[in-house]
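Colleague: Could you walk me through the sheet and the cores, and tell me what each term rests on?

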Amino acid sequence: MAGNQSSAGHLLRLIREGKATTRGALQQATGLSRSTVGHRLDQLFTAGWLREGEAAPMAGSAGGRPSARLEFDAEHAVVLAADLGTRHAAAAVLDLAGTVLAERSGELLIGDGPEQVLDRLAQWFAALLKEQGVGPERVCGIGLSVPGPVDFASGLVIQPPIMPGWDGYPIPERMREAYAAHVRPAAPVPVLVDNDANLMAYAEQRAGHRDCAAFVLIKVATGIGAGVVVDGQPYRGIDGGAGDIGHIRLHDCQDALCMCGNHGCLAAVASGRALARQLTEAGVPTTSGSGVRDHLAAGRPEAVRLAREAGRRVGEVLVTVVTLLNPGVLMIAGDLASTPFVTGVRELLYQRAMPRTTAHLHVVTSALGERAGLIGAAAMVVEDLYAPDRADARLAAAATAAG
């Protein structure tokens, strides 16, 4: 095994993934000597990233002292996360295992632009840290979930149809500045940004479907988007454009004008925004996808009918998605993830897709609910900061600073 694959960061990954959780198991997995493993672990313990749990039984041993079990300490730091919608946002403090420690939500209009929205989020973060009694030195990063396509490497939103004023805006830099102004951390805080459907899919797959090698989540709210997780990792495409199924054209809806400026997009016909417009035109005033959700919860017949039809239209597109990706789980989430909508999806999907494609497909609804975006945003930060190479770089920087 190459040296860099036996670093402290790589030992941490083995421990976090449960592949080697004792000193002896780490020696066996890496081929390192006992003293080298001990040195690597000392680095991790000094950083506060590890703790010793209950002793692990000695395999094949009739006696002897049990080995101490090594665990990632999910409480040594916290992550700040925010989930932005078009009219509403949520923010939270989470531990490194994704447990929400403090949370707040409220109206926040994405159309007010990035300056105002990010400053408000920084204020929310400051209030949440104070409420939880957490000092800024314990914050290891900030994760943001946004309702538009994101170039993950740069953190830039690229041509978002429902985020006016955000195209190409330097979100990570501005979020750091706003956070520093309201919280005053001793050092800049890493900020990561991704699309909301991607992060919801990431959270849901990790929480309930870890064994599913191909997982697809469809978020139907103001717009329509898909998050895809393959072999445990989000699939984003080459520049963050993967999953933007809301702008696939429907051949028989050329009169429907979409927010992107084109006609006939799926989102113009079957999104929460589209159904709100259709309900209003039918004499049931509705301003947003959340309003449609409320009508569905109340069992309003017109909303139920439109949601089922919207599910069928989305199902038309999902026939191609499912045929292409052959997922084991297709999850429906968002404002319209109701029984009528899911019924419509199932009708079209099982009617038109080849039986071979759907033989092992499970169509389900969200398990994490409205917290999925927050949990996914926090997980994105943790996986980035504690990935082997990044972890090693952080340990080296800390050692230099201490020296």
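Modeller: Happy to; we start with the ground rules and then take the sheet, its helices and the cores.
This is a predicted model, where local features need pLDDT of at least 70, side-chain atom pairs count only at pLDDT 80 or more, and totals for chains, interfaces and linings use all residues. Residues are numbered from 1 along each chain as its sequence is written, and side-chain values use heavy atoms, without hydrogens and water.

Colleague: Why are strand 13 and strand 14 called paired?

Modeller: Pairing takes at least two bridges found by DSSP between two strands; strands here are DSSP runs (E, at least two residues), numbered from the N terminus, as are helices (H or I, at least four). Four bridges join strand 13 to strand 14, so the two count as paired, and they run parallel.

Colleague: What makes strand 12 and strand 14 edges?

Modeller: The open sheet has the order 12-11-10-13-14. Strand 12 and strand 14 each have a single partner strand, so one side of each lacks a neighbour in the sheet.

Colleague: How do you know that leucine 318 is in contact with Leu330?

Modeller: Contact means heavy atoms within 4.5 Å. Leucine 318 meets this with Leu330 and also with Ile218, Ile245, Val345 and Leu349, leaving aside its neighbours within four places in sequence.

Colleague: Which residues touch the most other members of the largest nonpolar core?

Modeller: They are Ile218, Leu318, Leu330 and Phe341, out of 43 residues. Helix 10 gives the largest share, ten residues.

Key: A nonpolar core is a set of buried Ala, Val, Leu, Ile, Met, Phe, Trp, Tyr and Cys residues joined through side-chain atoms within 4.5 Å. Buried means under 20% relative accessible area, exposed over 50%, partly exposed in between (1.4 Å probe, protein chains only).
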